Amino acid sequence: MNAIIMAGGKGSRLRPLTCNIPKPMVKLCGKPILHYVLDLLQQHNILSVKITIKYLSNYIIDSFENQKYKDINLSFVEESFPLGTAGSVKNAFLDLDIN
């Protein structure tokens with residue numbers, strides 16, 4: 001089974017925490033929020049995840065060596081321009097191989 005995580009927002013309501021770090025990578029109890037989400041997906045046997053990104057996208061990509069998190073294969077779908085509400089999900093979904 002596959003999953004899509006929306007991780008492209010600026011996190012403007014979390015400023016100044018998100019001035020230099022994307023919202024999904026802000027730490028909660030010493031661990032990036034995105035890691036909590038990925039851990040939950042892994043517990044439910046999700047092993048392929050697409051992450052939609054925009055704001056500070058390289059920070060997120062560079063945080064996952066070999067595009068993996070534990071047993072989960074990651075791929076990143078970057079918006080070249082804003083696609084509107086959930087447009088990034090539609091963009092990722094069109095590229096998602098669904099079995």
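The largest nonpolar core in this predicted model has 19 residues. Those with the most contacts inside it are L34, L38, V49, I51, I60, F64 and L74. A nonpolar core is a set of buried Ala, Val, Leu, Ile, Met, Phe, Trp, Tyr and Cys residues joined through side-chain atoms within 4.5 Å. Buried means under 20% relative accessible area (1.4 Å probe, protein chains only).

**Core**
- β1, α1, β4 and β6 are the elements that give two or more residues to this core.
- F64 touches L34, H35, L38, Y69, L74 and F76, leaving aside neighbours within four places in sequence (contact: heavy atoms within 4.5 Å).

**Sheet**
- Four strands form an open sheet in the order β1-β4-β6-β5, with mixed pairing.
- Strands are DSSP runs of E, at least two residues, and they pair if DSSP finds at least two bridges between them.
- The edge strands, β1 (2–6) and β5 (68–69), each pair on one side only.
- β1 pairs with β4 (residues 48–53) in the parallel sense, over five bridges.
- N2 has S48 as its bridge partner in β4.

**Helix**
- Helix α1 (residues 33–43; a DSSP run of H or I, at least four residues) lies across β1, β4, β5 and β6 (72–78).

**Basis**
- Residues are numbered from 1 along each chain as its sequence is written, and side-chain values use heavy atoms, without hydrogens and water.
- Local features need pLDDT of at least 70 and side-chain atom pairs count only at pLDDT 80 or more, while totals for chains, interfaces and linings use all residues.

Key:
Axes fitted to C-alpha atoms, helices over the stretch in contact; angles between N-to-C directions. Buried < 20%, exposed > 50% of the residue type's maximum accessible area, 1.4 Å probe, protein only.
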